[in-house]
Amino acid sequence: MTKISENALWMSGNEAIALGAVEAGVKVASGYPGTPSTEIMENLSTYEGVYTEWAPNEKVGLEVAIGASYAGGRALATMKHVGVNVAADPLFTAAYTGVCGGLVLVTADDPEMHSSQNEQDNRNYAFAAKLPMLEPSDPAEAKEMLKAAYDLSEDLDTPVMLRITTRVSHVKGVVQKGEMVTGNPACGINKVPQKMVMLPAIARGRRVYVEERMNKCKELAETIELNRIEEGDTKRGFITSGVSYLYVKEAFPEAAVLKLGMCWPLPEKKIREFAEMVDELFVVEELDPFLENHIKSMGIECIGKERIPNQGELNTAIVRESIEQEQREDLFTPVQLPMRPPNMCAGCPHRGIFFNLSKLNVFISGDIGCYTLGFLPPLSAMDSCVCMGASVTVAHGMVKALGEGSHDKVVSVIGDSTFMHSGVTGLINSVYNESAATTIILDNRITAMTGQQNNPTSGHSIKGEAAHEIDLEGLCRSIGVKHIFVVNPHEVPETKKALKEAIALDEPSVVISKAPCVLLPEMKERKPVSYFTHQENCVGCMACIRLGCPAISWTAFAEGEAEAKGFRPKQKGVSKIDEILCNDCGQCASLCKFDAITRKEEK
Amino acid sequence: MEATGNILFSGVGGQGILLASEITALGLLAAGFDVKKSEVHGMAQRGGSVTAQLRYGQKVYSPLIEPGCADIQVAFEMMEAVRYLPYLHKGSKVVVNTQHILPPAVATGQAKYPDNVLDELVSREIEVVRVDAFDIAREVGEVRTANIVMVGAMAAFMPVDGAIFEEAIQTRVPERFREVNIQAYRAGRALRS
């Protein structure tokens, strides 16, 4: 966030939502990191006067927010789209209980799957859970809509969902500072069992209320300022919401537009009025035909997904070309280049584990985190990846299906934060139901992929203050794991021994790989020490190259070059360590059998 | 200003692309433009190919540049100058840092870094401005300012007073690094005078 004038700020959508929460007087906020939602909580934690925390998972986060709301405080829960699947259980019933203090769940969807395992459209949750949903187009709207969501939540006694996408979260724009909301009621205990105790008899009563409330919300949708008709050329009219609105405005600047800031429930009368105004009606939305299907079910003719793609992000060109049904033909086509996929960092502790796993003949059940990159060549050491926590349970299921003698065929790999999120319940199942799979916990002391967030195993709170640190070894022991190996993954051969021993066991075993992420501030601030190659000793065996470390590169010899330089005549090349990129892990040195890699003395 | 200006930043995660695009955005805001900038975080970083898209004008709606519409590309690595070719058009200007960073397949000997890769741009009538940003930054006294050298080199093509980017550096860069970043910016800008 940067101040650009007295009241104007340059900030991302996520920063704007954090500021909106402060302006709305939010009292408690809880969430689990997940791209593209993470920076909301990170930013909010820097403000005074609002309690913030990282929860171990999204269900916990939403339940904490529900509790804060029941106590009368304005509450916020943030998560990425797939996180809402985890939080869906409390969400669907909170829709019945309603709120005391305003309650907003921010869902950050990721069309195009920039950093996600699926592309689900969480507008469907608003329909399924019977909740209002607001959908901003840019950072400035995101802040205003969050504040509007709190008023709506309290006025209608309902949780409200705010749906953003990557191109709102991670877009920066100009945002105006607003007034701080004052006069939110004080918190207190208020027992209202008819509203808060969802036993069947009471829930049946609330079920009726939910329908009444959504009818009221539909009426409100007709007049709320967030839904507006922008007059223009009526030959073509566009109904749109979220970031798609921006593409419509650029592709068809003259056209009439109905912008739906509230994408559920829909203002049927307003939609009819708009449809009658225009000759041809288009619905432009990313992913599912959500608006389109509901508009069609009103008996209104419109054109939607028969032209607009239902996969991936949209942009101005896609919108223009699919409506006009004409493609630009003057574009340059891409040139074939070597790919540059993301890679584990130089010095990443995960590399030592995956290097070893790539040599063992096992099925590797993976999970969600930086370590999913273990899938990529040259390590190519991951065979499945479904969702948070699934590594442990998928491995257990495979072993049960494979039956007797399969105890050494399947391992799971899971990070510390993911293990806390939903891996531990799977491990409890493995022990209870006598699994023989090996669980490898990659404890790098942080939630790394989303950009270094603390978690219950890292010993620090969201604000970086000291917090209780869960002892992973003690936890595993307490749930009944008898065989636990703690390894330093940078000692590659030693780690291999431990892995082989654990995998050979016919009982549940856990290997805890313990070494900090190299991106942690304390690791970055170390004195720079690096490894270097004595190229004269290098025999070109490529053992270090096969680690796939970004700091190690291979120089191939031209014909006759090896001999001319004094190497074995058939040697194909030599490896070299870039001392600036090297992060001092020593995995390569632990693999080199020819004394060609040495650690530099402290500079 | 009628049309919206489009600047594409490309490079490799960790090269300081986000800061460079941020300085550019703040400069353009100070010059009175509406600005939007789009980035991608998470999996897209970690040494992978990274872009930031910046758009400026009287009123900017979309945060994304349309294919064939980038007027300027600031590329922090040679191959990354060519990867986003469909965003460029004849006459686009590509300010490119002449550094090579080997992608994994090249570093492990599985693929070859293409020779004369910038010819792909020149042959399509794209204007290429080569900048030895790494060497210039080293001369300035801090190799990590190569990204700001690139901002300076880009600024020479912008329809605004170059001093606004210096002010943006003052605003955005921590005090102890300000002076060296201003020097880096000026050295980049001086390449075209």
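Modeller: One term first: two strands count as paired once DSSP finds at least two bridges between them. Strands are DSSP runs of E with at least two residues, helices are runs of H or I with at least four, and both are numbered from the N terminus. We're looking at a predicted model, where local features need pLDDT of at least 70 and side-chain atom pairs count only at pLDDT 80 or more, while totals for chains, interfaces and linings use all residues. Residues are numbered from 1 along each chain as its sequence is written, and chains are lettered from A and ligands numbered from 1 in the order in which they are written.

Colleague: OK, which strands form the open sheet in chain A, and in what order?

Modeller: Seven of them, running 4-3-5-6-8-7-13 in chain A, with mixed pairing.

Colleague: Why do strand 4 and strand 13 of chain A stand at the edges?

Modeller: Strand 4 (51-54) and strand 13 (262-264) of chain A each have a single partner strand, so one side of each has no neighbour in the sheet.

Colleague: How do you know that strand 7 and strand 8 of chain A pair?

Modeller: Strand 7 (residues 133-134) and strand 8 (residues 160-165) of chain A share two bridges in the parallel sense. The rule asks for at least two, so they pass. Met133(A) sits opposite Met161(A) there.

Colleague: And strand 5 of chain A, which strands does it pair with?

Modeller: Strand 5 of chain A has four parallel bridges with strand 3 (residues 28-31) of chain A and six parallel bridges with strand 6 (residues 103-109) of chain A.

Colleague: What makes strand 5 of chain A mostly covered?

Modeller: Six of its six residues, 75-80, are buried. That term means 20 or more other C-beta atoms within 10 Å of the residue's own, with 12 or fewer called exposed and anything in between partly exposed; C-beta atoms are placed from the backbone. Side chains alternate between the two faces in a regular strand. Here Ala75(A), Ala77(A) and Met79(A) are buried on one side, and Leu76(A), Thr78(A) and Lys80(A) on the other.

Colleague: What handedness does the β-α-β unit of strand 5, helix 4 and strand 6 of chain A have?

Modeller: Right-handed, with helix 4 spanning residues 81-97 of chain A. The label applies when, with the strands pointing away from the viewer, the path from the first strand over the helix to the second runs clockwise.

Colleague: Which residues make the contact?

Modeller: Ala95(A), Tyr96(A) and Thr97(A) from helix 4 of chain A, and Ala203(A), Arg206(A), Arg207(A) and Val210(A) from helix 9 of chain A. Contact means C-beta atoms, placed from the backbone, within 7 Å. By class they are four nonpolar, one polar and two charged. Ala, Val, Leu, Ile, Met, Phe, Trp, Tyr, Cys and Pro are nonpolar, Asp, Glu, Lys and Arg charged, and the others, Gly among them, polar.

Colleague: How many residues of chain A are in contact with chain B?

Modeller: 49 residues of chain A, against 47 of chain B. The side of chain A has 26 nonpolar, 16 polar and seven charged residues. Strand 9 of chain A also pairs with strand 2 (residues 34-39) of chain B, antiparallel over two bridges, with Lys172(A) opposite Lys37(B).

Colleague: Is Gly152(B) buried or exposed, and how do you know?

Modeller: Gly152(B) has 30 other C-beta atoms within 10 Å; the cut-off is 20 or more, so Gly152(B) is buried. Gly152(B) belongs to helix 6 (residues 146-155) of chain B, where 10 of 10 residues are buried.

Colleague: What about Met113(A) and Asp595(A), which are buried, partly exposed or exposed?

Modeller: Met113(A) has 14 such atoms within 10 Å and counts as partly exposed, whereas Asp595(A) has 10 and is exposed. Most residues other than glycine have a negative phi. Met113(A) has a positive phi of about 55°, and Asp595(A) has one near 55°.

Terms used:
Contact = placed C-beta atoms within 7 Å.
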